[in-house]
Amino acid sequence: MGTQNSIDQFFDFLSRRDLENLTNLFSDKVDWDVPGNEKIAPWLGKRNSRAAVKSFYELLWKNVSPVSAKINKIYIDKGDAVISGEFSVKMLPTGKIVNSIFFIEIAVKNNLITKYRLLEDSYAISESLEK
């Protein structure tokens, strides 16, 4: 299948909020980190299993609605990839809009995502959730 195909599927399933197929792209054991204030935004933080990844998306989608997203570049080196882009989201608890650039580091092994690191403006995310 290859790294590029895994990334294409990831963004396809993510854009359609296809939770089952999205989480099936991940290994049973995954090195996952989306740094930020977990007390304010409980979907942030480290996770280590496919079930925990599923929980991330369930929490995220209950609290965040997409406004727009754009991928700027995808860099691939064998099983490793770095994706840069930008997004705008609406925080459902407050109605506030957050605009952020992002970088995702993904590692793919045996056609499954084994590592996922998302860097975004987590400060703006936390600030937007303050009522």
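1. The largest pocket holds about 640 Å³ of space. The model is a predicted one. In all, 28 residues line this pocket. Nearest its centre lie Leu 14, Leu 60, Ala 69, Phe 87 and Val 89.

2. Several elements give two or more residues to the lining of the largest pocket: H1, helix H3 (50-63), and strands E3 (64-77), E4 (80-91), E5 (97-109) and E6 (112-119). E3 provides the largest share of that lining, with 7 residues.

3. Next, helix H1 itself. H1 covers residues 3-15, 13 residues in total. At 1.5 Å a residue, H1 should span 18 Å. Its end C-alpha atoms are 18 Å apart, so the two values agree.

4. Which residues of H1 are buried? They are Thr 3, Ser 6, Ile 7, Phe 10, Phe 11 and Phe 13. These residues cover an arc of only 165° around the axis, which puts them on the same side of H1. An α-helix has 3.6 residues a turn, so residues three or four places apart point the same way.

5. The Thr 3 side chain reaches the backbone oxygen of Lys 78 at 2.7 Å. Leaving out residues up to four places away in sequence, Thr 3 touches Ile 76, Lys 78, Gly 79, Asp 80, Ala 81 and Val 108.

6. A backbone detail to check by eye: Arg 17 follows H1 and has a positive phi, near 55°.

Note on methods. Residues are numbered from 1 along each chain as its sequence is written. This is a predicted model: local features need pLDDT of at least 70, side-chain atom pairs count only at pLDDT 80 or more; totals for chains, interfaces and linings use all residues. Side-chain values use heavy atoms; hydrogens and water are left out. Helices (H or I, at least four residues) and strands (E, at least two) are DSSP runs, numbered from the N terminus. The expected span of a helix is 1.5 Å times one less than its number of residues. Buried means under 20% relative accessible area, exposed over 50%, partly exposed in between (1.4 Å probe, protein chains only). The arc is that of the directions from the helix axis to the C-beta atoms. A polar contact is a pair of N or O atoms within 3.5 Å; within protein, one must be able to donate a hydrogen and the other to accept it, and residues adjacent in sequence count only if both atoms are side-chain atoms. Contact means heavy atoms within 4.5 Å. On a 1 Å grid over the protein atoms alone, a cavity is a set of points where a 1.4 Å probe fits but cannot get out, and a pocket is an open set with protein on both sides within 12 Å along at least five of seven lines; lining residues have an atom within 4 Å of a point. Grid points are joined across faces, edges and corners, and a volume is the space filled by probe spheres set on the points.
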